[in-house]
Amino acid sequence: MPTGNPKPQTIATEKYAKKAGWISKSYKLKKDVVDEYTQACKRAGVSAAGQLTTMMKSFAKEINGVKYHIIEKHNRNAREELKLYSFDELKDFFEPNEEFEESHSEWEEIEDLFDLREFLEHEADGMEVEYTIEEEPTGC
């Protein structure tokens with residue numbers, strides 16, 4: 001809670017932030033790095049906090065070893081669905097043949113699960129995507 005004599009709105013804001021799980025965090029960074037980051041966020045049309053959150057989540061998933069299941073929608077197979085894949089293994093699973101240059105160049109740009117799902121939707125060309133990718137629940 002704020003110190004001194006905070007106004008009712010300040011108390012309400014602090015109470016909401018605590019309940020919603022928001023915290024304030026500060027880091028010491030070089031000014032030129034922060035300025036470059038701020039400019040990049042402006043150019044991309046994203047908020048600095050939102051982009052930082054995305055990068056932090058991506059990094060944590062990569063380091064903490066998030067695993068995925070591949071579910072084939074129309075040919076369910078329990079044994080295959082139990083297999084766990086790292087993101088790199090998941091990406092390799094869906095790698096297009098070298099002969100499809102355009103698809104392969106798009107595939108090389110995939111950096112996260114969102115990109116991979118977008119790629120699969122594009123490859124389905126308006127049809128239903130045959131696969132669902134599910135994240136292994138934490139603690140399993």
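Colleague: Why does Glu 80 count as partly exposed?

Modeller: Glu 80 has 35% relative accessibility. Buried means under 20% relative accessible area, exposed means over 50%, and partly exposed is in between (1.4 Å probe, protein chains only), so Glu 80 counts as partly exposed. The areas themselves come from the Shrake-Rupley method with a 1.4 Å probe, and for residues only the protein chains shown count as cover.

Colleague: Before we go on, what am I looking at?

Modeller: This is a predicted model, where local features need pLDDT of at least 70 and side-chain atom pairs count only at pLDDT 80 or more, while totals for chains, interfaces and linings use all residues. Residues are numbered from 1 along each chain as its sequence is written, and side-chain values use heavy atoms, with hydrogens and water left out.

Colleague: How do you know whether Glu 81 is buried or exposed?

Modeller: Its relative accessibility is 13%, so Glu 81 goes down as buried. Its salt-bridge partner is Arg 76, at 2.5 Å, N to O. Arg 76, at 57%, is exposed.

Colleague: Which parts does the salt bridge of Lys 73 and Glu 128 tie together?

Modeller: Those two side chains meet at 3.7 Å, N to O. Lys 73 is in the loop between strand E1 (68-72) and helix H4 (78-81), and Glu 128 in the loop between helix H7 (113-124) and strand E2 (131-135), so the pair ties together parts 55 residues apart in sequence. Both are partly exposed, Lys 73 at 32% and Glu 128 at 49%.

Colleague: How do you know what counts as a helix or a strand?

Modeller: They are DSSP runs, numbered from the N terminus: helices (H or I) have at least four residues and strands (E) at least two. The protein comes to seven helices and two strands, in the order α-α-α-β-α-α-α-α-β.

Colleague: What makes a group of residues, Glu 95 among them, a patch of negative charge?

Modeller: Patch members have over 30% relative accessible area and no salt bridge; like charges are joined within 9 Å, nonpolar side chains (Val, Leu, Ile, Met, Phe, Trp, Tyr) within 5 Å. Asp and Glu count as negative, Lys and Arg as positive, and His and the chain ends are not counted. A charge is placed at NZ of Lys, CZ of Arg, CG of Asp or CD of Glu. The negative patch on the surface includes Glu 62, Asp 88 and Glu 95. Helices H5 (87-93) and H6 (101-108) each give two or more residues to the patch, and H5 gives the largest share, three. Glu 95 sits in the loop between H5 and H6, and at 34% counts as partly exposed.

Key:
A salt bridge is a side-chain nitrogen of Lys or Arg within 4 Å of a carboxyl oxygen of Asp or Glu.
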